[in-house]
Amino acid sequence: MKKHFFYAFFLLFCFAVYTPTAFAQNISVLLDNQPLHCRETPILENNRVLVPMRDIMEPLGYQVIWNETDQSILAKKNTTDMTLTLDTTYASVNNQMVVLDAPPQNVNGVTMVPLRFVSKYSGAAVAWQADTKTVCIQTKGDLTPAPYNPSDSVVYIQTNKLQGSGIVLSQNGLIATNYHVVEKASTMQIVFQDGVVYQGNITVVGLDPQADIALLQIQRKDLSPVKIAKNIQNGESVYTIGAPNGKRNTKTTGVVSGYQTDMIAMTAPIQHGSSGGGLFNAKNELLGMCTAYNKEQYFAIPIAKIVSVPKNKLIPLQNMKDYIYQPSAPHNIKYQKNEKGQYVFSWEPVYGVDYYYIYVANEKNGTYQPITNTVLNSQKWYWNFPHPFGIPVPKKPIYIKIASVYQDEVCGISEPILLPAA
């Protein structure tokens with residue numbers, strides 16, 4: 001984030017009952033340890049304190065201009081230009097759109113503005129004293145940067161095709177999301193945790209469509225990147241941050257129920273819109289990126305796989321509408337013998353395929369025959385975690401091939417895999 005942004009703390013209000021009228025009567029504001037004299041009593045709206053516009057902005061060094069025609073406020077300070085409009089949940093900072101948690105309001109003829117928003121863009125530190133119901137604004141002395149917050153590293157993504165999430169990987173604008181979030185998209189908005197809306201240039205610099213990974217580069221150099229976990233443990237507590245059904249910065253909790261090099265299974269629920277969001281451990285370190293779910297399981301792509309995607313593309317986002325993806329054969333096919341005397345298989349799921357065929361032969365270059373899925377009474381097989389299928393250990397060595405099927409056509413077949421005899 002920009003240097004003076006580091007000096008902003010978020011206001012956290014944790015009360016059992018939020019009654020704006022009653023609560024407003026008891027709120028006080030201190031500016032550099034001195035009472036802020038307000039011509040109208042501060043109010044609470046959507047868990048955010050609103051204070052009189054001029055009473056807070058002018059002491060913070062802003063020149064304030066009121067435009068009666070469109071009911072807007074222009075505040076200017078050094079290199080910062082801020083515009084707010086009555087009853088509007090969007091503001092502008094240096095021509096960049098910002099989403100407000102609470103809009104400016106007119107109370108008894110006095111324009112009230114959200115204190116959190118104003119302080120954030122003023123280089124001021126803000127703290128809430130719950131025992132005295134006092135907001136403390138500090139513009140002098142030691143302004144300690146706010147502690148790392150994983151929510152600052154997860155973004156909301158809205159394209160002209162669908163809505164999803166993304167993960168900030170670097171301070172200079174590298175963001176990871178799912179390929180299916182950007183698939184066939186031509187426009188995109190990226191909304192950050194603090195409400196800033198990015199609509200500038202977006203370039204796809206890395207792609208692994210088959211693994212459902214896309215890396216985006218935006219023109220911002222003030223971001224808060226995630227902290228990456230060094231390992232993952234089965235059964236460890238985890239939480240996700242994303243935008244299920246468009247609800248930004250939503251958290252869900254659970255545990256890791258299993259993992260492989262290409263997939264993490266978890267019990268933390270995700271929904272439509274969570275795609276591209278983060279999976280974090282109890283230390284607030286990123287384990288992976290939320291990607292898919294079914295009726296019983298939820299999945300994330302391990303972060304090691306995401307950061308290994310080459311950044312060798314330069315595709316303007318608007319060109320993704322013309323990008324053609326053709327699924328190919330499954331990757332990372334593995335097998336092991338289980339306690340039931342079977343070889344059980346796993347592989348990296350291929351994004352976009354409809355199902356798979358499994359073929360067997362007695363010789364490497366022999367005639368391969370499809371295996372029937374007796375559960376479905378069909379030759380179709382579907383990816384599952386941890387193992388899509390298993391076969392008895394053969395009395396003689398055999399060979400296996402696995403094919404991806406898209407629109408009822410085989411679009412890729414793996415190399416033969418030798419299965420040793422019992």
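Tyr382 is partly exposed, at a relative accessible area of 41%; buried means under 20%, exposed over 50%, and partly exposed in between (1.4 Å probe, protein chains only). Tyr382 sits in the loop between strand S31 (369-370) and strand S32 (389-392). Strands are DSSP runs of E with at least two residues, helices are runs of H or I with at least four, and both are numbered from the N terminus.

Together with Val375 and Leu376, Tyr382 forms a nonpolar surface patch with about 320 Å² of accessible area. Patch residues have over 30% relative accessible area and no salt bridge; like charges are joined within 9 Å and nonpolar side chains (Val, Leu, Ile, Met, Phe, Trp, Tyr) within 5 Å. A salt bridge is a side-chain nitrogen of Lys or Arg within 4 Å of a carboxyl oxygen of Asp or Glu. Areas follow the Shrake-Rupley method with a 1.4 Å probe, and for residues only the protein chains shown count as cover.

## Basis of the values

This is a predicted model, in which local features need pLDDT of at least 70 and side-chain atom pairs count only at pLDDT 80 or more, while totals for chains, interfaces and linings use all residues. Residues are numbered from 1 along each chain as its sequence is written, and side-chain values use heavy atoms, leaving out hydrogens and water.

## Two loop residues

Asn362, in the loop between strand S30 (355-361) and S31, is exposed at 65% relative accessibility. Beyond four places in sequence, Asn362 contacts (heavy atoms within 4.5 Å) Pro397, Ile398 and Tyr399. Asn362 and Ile398 are 36 residues apart in sequence, with 4.7 Å between their C-alpha atoms.

Ser151 lies in the loop between strands S13 (134-138) and S14 (154-159) and is buried, at 7% relative accessibility. Outside four places in sequence, Ser151 touches Gln193, Ile241, Asn249 and Lys251.

## Nonpolar cores

A nonpolar core is a set of buried Ala, Val, Leu, Ile, Met, Phe, Trp, Tyr and Cys residues joined through side-chain atoms within 4.5 Å. The largest has 71 residues, of which Ile56, Met57, Phe117 and Ile190 touch the most other members. A second, separate core of 19 residues includes Val154, Tyr239, Met289 and Ile306.

## Cysteines

With a disulfide taken as a pair of cysteine sulfur atoms within 2.5 Å, the count is zero. The sulfur of Cys38 is too far for a bond because the closest cysteine sulfur, in Cys136, is 13 Å away. Cys38 is partly exposed at 25% relative accessibility, whereas Cys290 is buried at 1%.
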